[in-house]
Amino acid sequence: MLQGKKILIGVSGSIAAYKIPILVRLLVKEGAEVKVILTPSAKNFVSPLTLSTLSKNPVLSDLELNDSWANHVMLGRWADVFLIAPLSCNTLAKMATGICDNLLTAVYLSATCPVVVAPAMDEDMWHHASTQSNISRIRSFNNQVIPVEHGELASGLSGDGRMAEPETILQWVKDFFFDKEQLKRRKILITAGPTYEAIDPVRFIGNHSSGKMGVAIASAFVKRGAMVTMVLGPSHIPIPQGVNVVRVRSADEMYQVCDQLFENIDIAVMNAAVADYTPIIVSTEKIKKQADSFSIELKKTKDILKHLGEVKKGGQFLVGFALETTDEKEYALKKLRDKNADMIVLNSLRDDGAGFGHDTNKITIFDKQGKEYLFDKKSKQEVANDIVNTIVELYV
Ligand code: CTP
């Protein structure tokens, strides 16, 4: 399955480095071409001779070799994926802050390929706020993080922080970098765009949502081999190839379609800016101008996300959005709980370049445990990738 794929492994100083020869063997067996870089301290944990024998390539660890320069730029360009395993606290901190004092960190900064890391550390180090903030930071650079496992640690204690087993890392490499396979045949429902609530035949209550974010998410899912249905409110945005679109106008129409489709859906992403209120009476004729003031009585619409959260079955994954202007985190977490979602994507209108109409967005994601995933301001396509990557991490 990995025939011809070029995998560069960066090993940093952690006891879990003893598992890397097994990983190299598994990757080579799958047909991958493997090269290995060690940090100076990794050499204390695993032998370069073992790794060069198994990878069938010289192992590099210094920026200079026999008076010549190790070309870190070309190494980063050679690889289809740069896998840093085990990732120590020290190397993580360097990656998060751009410190470049060895070959591994130089390759990291110059790599043009995707980077995936498998952290390994003691439980208290893993849970330390600085480690978690560094992990969030490298995630915001689009680096993928293979979750740590729970179990026996080098300290003799037991807890979170064990590096994923070589077989798990192999599976990640296969799944993650062969996108088409990743969400193959998964059925995705996405709501997008605004809704228009009719007042009379010519007027409506609407909002400024363009549908851009929902369309970018649909496109990111299609790239992973998923089957995507988008329930789209009134929007003129072009639809990417491979997305099945159901066009709706009002919140109630959107609700009816989602309710009907949800039973056969694996992952639902509720991105639409659905009207919270709709006129109680819709005039069949155009309302004529009369008195100086005029009011319309409104009733609440049905909350689609909340309804899907109520009927959700095991194995279905539900994602909500929260667009907030104040107390963003509290409101987002409240929506996550109240609507029984599995993940919520927060946009703050206070962030420059976030929200309606922009080509960029800045998000923070919360999972069911309240864990926070921070991202920098990016293009909507990159944000869509971050959202889909996080869904894959939490769901698949
Ligand atoms: N949502 C929905 N159906 C509605 C209203 C909202 O599916 N009738 C979904 C949105 O698509 C979004 C999430 O609920 O994923 C949160 O929407 P938002 O408008 O931020 O929250 P509300 O619950 O409407 O609360 P408020 O407007 O008071 O912030």
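Let's start with Phe204, which is partly exposed, with a relative accessible area of 38%. Before I go on, please keep in mind that this is a predicted model.

So, what surrounds that ring? The count of aromatic pairs comes to two. One of them is formed by Tyr196 and Phe204, and that pair is stacked, with 3.7 Å centre to centre and 10° between the planes. The planes are under 30 degrees apart, and that is why the pair counts as stacked. Phe204 also has a charged residue over its face: Arg249, at 6.0 Å from the ring centre. Which residue lies over the face of Trp78? That one is Lys35, at 4.4 Å from the ring centre.

Helix α1 covers residues 20-29 and helix α2 covers residues 48-55; their axes come within 9 Å and cross at roughly 10°. That makes α1 roughly parallel to α2. If you want to find the contact on screen, look for Ile20, Pro21, Val24, Arg25 and Val28 on the α1 side, which meet Thr50, Leu51, Leu54 and Ser55 in α2.

Another pair to look at is α11, residues 251-261, with α12, residues 304-311: they pack at an angle of about 20°, their axes 10 Å apart. So α11 is roughly parallel to α12. The crossing of α11 past α12 is right-handed. In α11, the residues Ala251, Met254, Tyr255, Cys258 and Asp259 meet Ile304, His307 and Leu308 in α12.

How are α10 and α14 oriented to each other, parallel or oblique? Helix α10 takes in residues 212-223, helix α14 residues 380-395, and they pack at about 55° with their axes 8 Å apart. The two are therefore oblique to each other. Here, too, the crossing is right-handed, with α10 passing α14. The contact list includes Met213, Ile217 and Phe221 from α10, and Val383, Ile387 and Val388 from α14.

Asn134 is found in α7, residues 129-140. Is Asn134 buried or exposed? Asn134 is buried, with a relative accessible area of 15%, and the cut-off for that word is under 20%. Once we set aside neighbours within four places in sequence, Asn134 is in contact with Leu92, Ala93 and Ala96.

Finally, the backbone. As a reminder, most residues other than glycine have a negative phi, and most peptide bonds are trans. Where does this model have a cis peptide bond? It joins Ala85 and Pro86, with omega at about -10°. Pro86 sits in strand β5, residues 81-87.

Then there is phi. Lys56 is not a glycine, yet its phi is positive, about 60°. Lys56 is exposed, at 63% relative accessible area.

Asp327, again not a glycine, has a positive phi of about 40°. Asp327 lies in the loop between β18, residues 317-324, and α13, residues 328-338. At 43% relative accessibility, Asp327 counts as partly exposed. That is the label we began with, since Phe204 is also partly exposed, at 38%.

Thanks, everyone. I'm happy to take questions.

Conventions
Residues numbered from 1 in each chain as written. Predicted model: local features only at pLDDT ≥ 70, side-chain atom pairs only at ≥ 80, totals over all residues. Heavy atoms only, no water. Phe/Tyr/Trp six-rings, centres within 6.5 Å; stacked < 30°, edge-to-face > 60°. Buried < 20%, exposed > 50% of the residue type's maximum accessible area, 1.4 Å probe, protein only. Lys NZ or Arg CZ within 6 Å of the ring centre and 35° of its normal. Axes fitted to C-alpha atoms, helices over the stretch in contact; angles between N-to-C directions. Helix = DSSP H or I, 4+ residues; strand = E, 2+ residues; numbered from the N terminus. Parallel < 35°, antiparallel > 145°, perpendicular 65-115°, else oblique. Left-handed = near helix turned anticlockwise from the far one by under 90°. Contact = heavy atoms within 4.5 Å.
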